[in-house]
Amino acid sequence: MDIAAQLEIHAKQELDHALIISRQIDYLGKMPAVTPKPVRTSEDAEDMLRYDLDQENETIRNYRDRIRQCEALGEFAMAEQIRQILVQEQDHQIDLATALGEDVPDVSGGPQARPMRKRR
Ligand SMILES: [Fe+2]
Ligand SMILES: [Fe+2]
């Protein structure tokens with residue numbers, strides 16, 4: 001598999017995600033943050049793929065939470081937009097795990113997996 005070509009496709013998709021999310025934030029009447037999180041880098045290609053995979057895992061957990069929040073608020077169209085992004089993020093995760101020769105990580109135990117507190 002040509003990993004460099006795959007990553008080039010991912011990068012273009014990530015830009016699309018940023019634009020879609022920016023539109024949704026604008027719809028909510030807010031301004032998107034423009035300060036990126038620090039980026040971990042390494043001279044070692046395998047380490048770089050590992051860092052990238054870690055980020056995709058976190059992204060997937062976060063988007064799953066955002067979808068649940070959108071649905072709870074009745075923002076079904078926004079949930080749909082994020083679902084489409086999530087499909088691509090899971091593809092990124094699969095591509096990176098495959099490039100590392102690993103199984104796709106199980107990220108189902110995200111913050112949302114905490115047991116819901118019963119209401120009194
Ligand atoms: Fe993305
Ligand atoms: Fe991604």
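**View 1. Arg23 sits in helix α1, which covers residues 3-27.** Helices here are DSSP runs of H or I with at least four residues, strands are runs of E with at least two, and both are numbered from the N terminus. This is a predicted model, in which local features need pLDDT of at least 70 and side-chain atom pairs count only at pLDDT 80 or more, while totals for chains, interfaces and linings use all residues. Residues are numbered from 1 along each chain as its sequence is written, with chains lettered from A and ligands numbered from 1 in the order in which they are written. For reference, a residue is buried if 20 or more other C-beta atoms lie within 10 Å of its own, exposed if 12 or fewer, and partly exposed in between, with C-beta atoms placed from the backbone. Between Arg23 and Gln13 there are 10 residues in sequence and 15 Å in space, C-alpha to C-alpha.

**View 2. Helix α1 from end to end, and the glycine that follows.** The 25 residues of α1 should span 36 Å at 1.5 Å a residue, and the 36 Å between its end C-alpha atoms agrees. That expected span is 1.5 Å times one less than the number of residues in the helix. After α1 comes Gly29, with a positive phi near 80°.

**View 3. Helices α1 and α3 meet.** Their axes cross at roughly 160° and come within 11 Å. Axes are lines fitted to C-alpha atoms, for helices over the stretch in contact, and angles run from 0 to 180 degrees between N-to-C directions. α1 and α3 are therefore roughly antiparallel to each other; angles over 145 degrees count this way, under 35 as roughly parallel, 65 to 115 as roughly perpendicular and the rest as oblique. On the α1 side, the residues making the contact include His10, Gln13, His17 and Ile20. From α3, Met78, Ile85 and His92 are among them. Two residues are in contact if their C-beta atoms, placed from the backbone, lie within 7 Å.

**View 4. Helix α2 and its buried residues.** Helix α2 runs over residues 45-72, and its 28 residues reach 41 Å from first C-alpha to last, close to the 40 Å expected at 1.5 Å a residue. Which residues of α2 are buried? They are Asp52, Leu53, Glu56, Ile60, Tyr63, Arg64, Arg66 and Ile67. Helix α3 (76-99) is included in what covers them. Just after α2, Gly74 takes a positive phi of about 80°.

View 5. α2 and α3 pack with axes 9 Å apart, at an angle of about 160°. These two helices are therefore roughly antiparallel to each other. Leaving aside residues up to four places away in sequence, Ile85 touches His17, Ile20 and Tyr63.

**View 6. Stepping back to the whole protein.** The protein has 3 helices and 0 strands, in the pattern α-α-α along the sequence. Its C-alpha atoms fill a box of roughly 50 × 35 × 25 Å, taken along the principal axes. Of the 120 residues, 13% are buried.
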